[in-house]
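Let's walk through this model together, starting with its open spaces and then moving on to a sheet. Keep the 3D view open as you read.

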Amino acid sequence: MEFYTSCREPRPVRLSSATRQFAYDSLNHKYGLDTRKNMAVSLDHIEGISDMPLLDQYDLAIAEIASKAPVRICGNERISGAATLGHAIYERVPATIDGKVICDGVSHLTIDFPSVLKTGCNGIRQNILLSMQRHSDGRKLRFLKSALHCMDCFQIWQNRYLNALKDLPEYEINYRNLCRVPFEPPRNFHEAVQSIWSVFAFTRLCGNWPGIGRIDWMLGDYLKKDLEDGTLTLDEAREILAHFFIKGCEWVSGGDYGSGDAQHYQNLVLAGIDENGKEVTNEVTYLVLDIIEELGISDFPTTIRINSNTDEQLLRRAAEVIRHGDGVIAVYNEDLIVNALTEYGYPLSEARNFANDGCWEMQIPGKTNFSYVFFDSLAILQRTTLKEYSTDQNFTHFQELYDRYLSDLTDQVELIYKNRITRDLEKKGDGSGNWTWKSLTPCTVISLFEDNCIEKGLSYYEGGPVYTVCSPHIGGLPDTVNSLYAIKKLVFDDQLISFTDLMRLLKDNWEGNEALRRYAEEHYCYYGNDNDEVDFLVAKLLDDFADKCSTLDGRCPILFPCGVSTFGRQLEWASHRFATPYGKKQGAVLAGNMSPTPGTDKLGATAIIKSYCKADLSKQVTGAALDIHLLPSDVKGEDGIGTIVCLIRGFAALGGCFMQINVANAKILLDAQQHPENYQTLSVRVSGWNARFVTLNKEWQDMIIQEVSA
């Protein structure tokens, strides 16, 4: 059995043959195809179901899911529980009325696993009962009744696994663990892993995609105690934790899924400091890296928190895993991010505990209802500011153009704010000027595991969590700045063409002046080449964007921190964009996230990082992603490991935020495109997620190949 890598570095073998076979079966679709045989439970047999309120339908759906979803026990599994209904793969509550699912699930969050480990689900149940005594409001009591019901359903599902395991001697340890967790606090490492898995599996069975968060911080003390007591060895712990990762591949189904099959937002965060400033890195940190390296599992995109004191051993170990080319490991600059979060207003202890939303945007885990709203900044420039390249307008100097664009950008930010307010909030009718939350999609299962929902008697979508965040995300930023810079140079600085004539030429997709197009494309030094003139324009635009977003905070209960991303939307945006002033013709696939437009970066990864870091990225509170592509030849051998370590160190020292490194060989990717049967587990980093390359459709594959080849 072989676990593919895009650079053909040999993978070490540390795990048992049985565990490796389990991984191979899971990655090669055995359990994902099985899940798709049962897409949902039906509620049609329940009298009057169609006329019931949606929350009543939801409660009945969770009961049916808990009592009827297929129970799956995989051969030799060391932890038990599975999400076995196919609609959950699509982030839908897998229950239907007349063939239609009742509602969507929840994603873009990391739930409160630490509280489960501390008190067990019975502690949460007790909090529900106490909250029911404190609240008299009918709406809150109805939510709390739903919470108690969903916890009972969780117990029903748990009992079904206990019944299935109790007469199977080979699963005695699994049975014994499930007799305790997750309803009581775990006493050892194995129980702690099972506890996290049980909560994760049940929430995803109910149609949700939660992130995992800081797994080494959560599990480290349990492993340390077991090792000190001599009740567990590192090799045994690695086997147990590997089964967590393998079971997390239970939805892998193969085939063509557009943007790939491994994007269920079950991200992990490793290392960094805890709420008291103490370094978290421990044996679990290295076990996670061992497992990812050996099995090539890409379904848990993992980000390592790097700070100025990060140990060289961890950086080296991360580099060894990164060079395999799966794109699984990314890095956060912890020093910048903690500063960004505290400057924004989060308490230091919470900022130090940051994780992500199940993708890469930063949030306070277990306390945050997170969403982001993306927009194409290039489309605003082309369609609004430049009026689809109308010749009926003119600008006498560059600052006038920039100011007009900034005004249009501000309008977009204000629209995002208005739309979110309209959707979620309304003014109270008592004349106080205060806000009340509208009744939205039921999400009780997730609300069980988000801090403050039970205490407030409000669901995750209705103001329950400590923080509700709506983050405007600027997309296409490098393309916008390159376009502005090209206009500045062509029209105002070098005076090679009038503004009106340039608009006419762009409207005609550069037809009639190929020489000027090539000049614009090749002569000027665009973002990603350590050119201060254009890089400082990026920095200014980001500062102005952040300032506009900051004016929205305090107006309502929703926070509006900003960020930078595309998440692969440059592909779908391509057909709606016009030719660019910097020489790209209409329909070109342009920049991803905050990375240079393909083909415009000429000086390599170091120059890209330096350009990116000239902006004050601490103002992009939810994150600004940089994608770096390296060739396998760049990272070969001892020198290659040193190259990756130096890139990470430089990225952090210069003030980077988030960086994901793809080590990929275009020749191998092209061969995988032609012979997918030979590359079923080959993984690449797409944006905030990973995907097995052969599950991307051809457009996505071509985009990745273009980025690698550029």
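**Pockets first, then a sheet**

The largest pocket has a volume of about 810 Å³. This is a predicted model, so local features need pLDDT of at least 70 and side-chain atom pairs count only at pLDDT 80 or more, while totals for chains, interfaces and linings use all residues. Residues are numbered from 1 along each chain as its sequence is written, and side-chain values use heavy atoms, with hydrogens and water left out.

A pocket here is an open set of points on a 1 Å grid over the protein atoms alone, where a 1.4 Å probe fits, with protein on both sides within 12 Å along at least five of seven lines; lining residues have an atom within 4 Å of a point. The volume is the space filled by probe spheres set on those points, which are joined across faces, edges and corners.

So what lines the largest pocket? There are 36 lining residues, and Pro114, Trp217, Met218, Asp221 and Asp274 lie nearest the centre. Two or more residues come from each of α4 (113-134), α8 (215-229) and α13 (348-352), with α8 giving the largest share, nine residues. (Helices, H or I, of at least four residues and strands, E, of at least two are DSSP runs, numbered from the N terminus.) The lining splits into 13 nonpolar, nine polar and 14 charged residues; Ala, Val, Leu, Ile, Met, Phe, Trp, Tyr, Cys and Pro count as nonpolar, Asp, Glu, Lys and Arg as charged, and the others, Gly among them, as polar.

The second largest pocket holds about 460 Å³ of space. Its lining has 21 residues, with Phe370, Ser371, Arg420, Arg423 and Tyr461 nearest the centre, and β11 (368-376) and α15 (398-424) each supply at least two.

Now for the sheet. Five strands make an open, mixed sheet in the order β6-β7-β8-β17-β16; two strands pair if DSSP finds at least two bridges between them. At the edges sit β6 (268-270) and β16 (625-630), each pairing on one side only. β6 runs parallel to β7 (residues 302-306) over three bridges, and Leu270 stands opposite Ile304. β7 also pairs with β8 in the parallel sense, over five bridges, and there Ile304 has Val331 as its bridge partner.

Why is β8 largely enclosed by the rest of the structure? Because five of its five residues are buried, meaning under 20% relative accessible area with a 1.4 Å probe, protein chains only. Ile329, Val331 and Asn333 cover one side, Ala330 and Tyr332 the other.

Terms used
Buried means under 20% relative accessible area, exposed over 50%, partly exposed in between (1.4 Å probe, protein chains only).
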